[in-house]
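Hi,

Here's the structure I said I'd pass along.

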Amino acid sequence: MPVRSDLDASFVLVDSSSSKSSDHAEPEVTNTAVNFDHPSLEASYCPGSASPTYAHDWSVRGTGMSLRIQGRHFVDAYGRVCSLRGVNLAGCSKAPTNDNHDTFPSDAESVTFVGRPFPLEEAPEHFARLRRWGLTFIRFLVTWEAIEHAGPGIYDLEYLHYVRQLLSLLPSYGLTAFVSIHQDVWSRYSGGSGAPAWTLELAGFDLDALEETGAAWLSGVKGGGHEESERGVWPTGYTKLAAATMATLFWAGRTFAPKLKVKDKNGELVSIQQFLQDSYLAMSELLAKTLGDLDGVLGFEMFNEPHRGYVELQSFHSWDYNTDLHLSYCPTAFESFQLGAGHPTAVGAWTRSFPMPTRRTSFVVLNPHGRSVWRLDGPSGGKCIWELHNVWGWDKNRDEGVLLRENYFKSNPATGKKVDWYTDFYFPFLKKWTERVRGASAPEKIIFTEAIPNEFCPTSWTPDHRVPNMAYAPHWYDLNALFAKAFGEFTVNVQGLSRGMFPLKAFYWGQSGARENFSLQIHNIVKHAHEALGEHPVIIGECGIPMDMNKKEAFLTDNFIWQTRMMDAMLTALEKSLVGFTLWSYNPSNTDLAGDDWNGENFSWFSRRRALPPSLLYYEQDMPSLDNGGRILSSVVRPYPAKTAGIPHKFEYEMNTGCFVFEWRNRDAENGDECGHGDGGDERSSGNIDLRSLETEIFLPALLTVGRKVIVEGLDAEDTYEHDESRQTLFVVARDTRPGRVHRISVSVYPPVVSVFPVSDFWLDFGPRIVAAGGLFVGILVFALYVRYGLEV
């Protein structure tokens, strides 16, 4: 039951000992830690004998202490580089457990998220399954709405108690998590997820008028989004009036909407930016206070996929093609203002096209009845916020809207100084948020951050704008497959096209082409991150594939070959850049018909409805009963070097043979670490890792090895290894510790796995035809020359 909480007072969530004082300054965070000597340093050590732990165990039992940041790596107590792989848990957490599509958006105050992502009693099943699959690094999703849906300062302590109980179980299964405060398109009530309904009402929006006025697209949060006409429409909500206005008010309301004042808890008028941000900080502080002492919580993430809103808006009449999707009926900013103010307005309708994603094909008049989205009892008195600030006005004589300040959102209206969303608004709030979260939790907790989706890490993220102990967690999706919900032999580099790449260079053929395409895109993300941030870890916070691609044919045939191929191409690309990731998403409530039940999405490659009942499950790692309900597991569940006694240099896995090659190198004693870091960017890493172990631990899934012999090649005579199938771990001890020495092993299984698909490319598929056609052309040409000249001779 939601109750009002005063953060200055003590309260009990689970036990009184978990409460921490939050009135102290941010502690200095250092990456120093007590290092331990691993038993593998002893000459008589047998691989795998140190403890009954396993490669993908991120608990203190498996790492010696909590993971920490060293340079661009996550490391354990022994200085081993830790490669983190896992899942987002879960997409269903965007909506409450008592979500009712028919009555939405009513009853906003009485929703509950207790039981998201699954009931507490189901936790052993799901955590054991993720452990078996080697996906033990969790991006755990919570939303502002889940915590504070009943009103400002009224917190759902029952939900927080549930989350604490759930995350307390993680170490028992070797799992660790960072808690991500999730949002899309600002809120469920503006077509996405995240903020509670009262935030929109605070700004003066009439929730019941949002859809009619074109201020939001809500069909997708009411069970829709599955029809062809609705597919992929939800991201257009970022540029619609409700979400764009709320983002602007949250980040920069004091600058661009100074007239908009609301009463705080003391009855004093404050800027709406201050009210919203203070509420967000208080909510985040309570979340950190609730979870910050848990061993299974590695850190926190402030804000999923942030958006500028109207800040830096270059035109009121068009969009930023790099970040803003326009599909179906998409009013421009100026058209949105008019629609929201109650003026019927003709807007463009956009349809899918090629090579550009969309093109305008028609116009339609929205809000024909002239309804206003602004409440008379709101802070603007029923007037459009942006009309109140003289950005635009209505010419009654000409009966049309007039834009008055074309460059309003480019510069500070009070000073005329050009604004930058990152440096002026995002970075300052990140520092303030970090201070509050760190003050309520522990200084060693890692802060995960990200930039605006589809943008590279900004070069303005200089050291003075960074927070201590920070990791960068951008997202990557194949936008072409996402947009079309299709995948085949032909793939397109949308990232390159949007940045001016010559079209023919952006087209790829076959599985090899898809791997190359995805590898280049992910390489670019990691490369730009390291160029901007230097020695900070990079992990891909979201990446995934639509399971309902290709007109959902796999649900009819139960043949998920194209999903398998796309997942393989994506994971191969991530492995090439040696970057960790959390897949989107593991969603137990997924079904073939409803998908993830949010905006028509269907990303989960697990569905509990396809799984065995708990009474028939065994929770040990080598028990295959946990695999039921999983799809495309041969592509998802892969070997990887979890803990490396050295610097990972190269990892390549071929799922069609079950073989992989792994290279790592010893630290260069004089110059710090030289790390190949795959294709992820600069091969130089200044992190001075104090390595206290010779044992490398590789996750080797039982799915791959059961009934087969594991063959390890490439070790020196004094090196040793041990494969323990019950722990799904290959332990390797390399004794040569000379600085800069490169170790390389090749691992295969016998009998080999059955190939799932051919790794095709353009020349494999078309080479013989091209050669044959070329030969035929040459033959015809020779014959023609002979007929013309030979007969004359």
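Let's start with L479, which sits in helix α11 (residues 479–484); helices here are DSSP runs of H or I with at least four residues, strands are E runs of at least two, and both are numbered from the N terminus. L479 is partly exposed, at 30% relative accessible area (buried is under 20%, exposed over 50%, partly exposed in between, with a 1.4 Å probe and protein chains only). Leaving out residues up to four places away in sequence, L479 touches N454 and V494, where contact means heavy atoms within 4.5 Å. P357 is 122 residues from L479 in sequence, yet their C-alphas are 9.6 Å apart.

Before going further: this is a predicted model, so local features need pLDDT of at least 70 and side-chain atom pairs pLDDT 80 or more, while totals for chains, interfaces and linings use all residues. Numbering runs from 1 along each chain as its sequence is written, and side-chain values use heavy atoms, without hydrogens or water.

Now the whole protein. It has 18 helices and 32 strands. Its radius of gyration is 28 Å, close to the 28 Å from the globule rule for 793 residues, so it's as compact as a globular protein of that length (taken over C-alpha atoms; the rule is 2.2 Å times the number of residues to the power 0.38). The C-alpha trace spans about 100 × 85 × 55 Å along the principal axes, and 59% of the 793 residues count as buried. Of contacts between residues at least 6 apart in sequence, 73% join residues at least 24 apart.

Cheers
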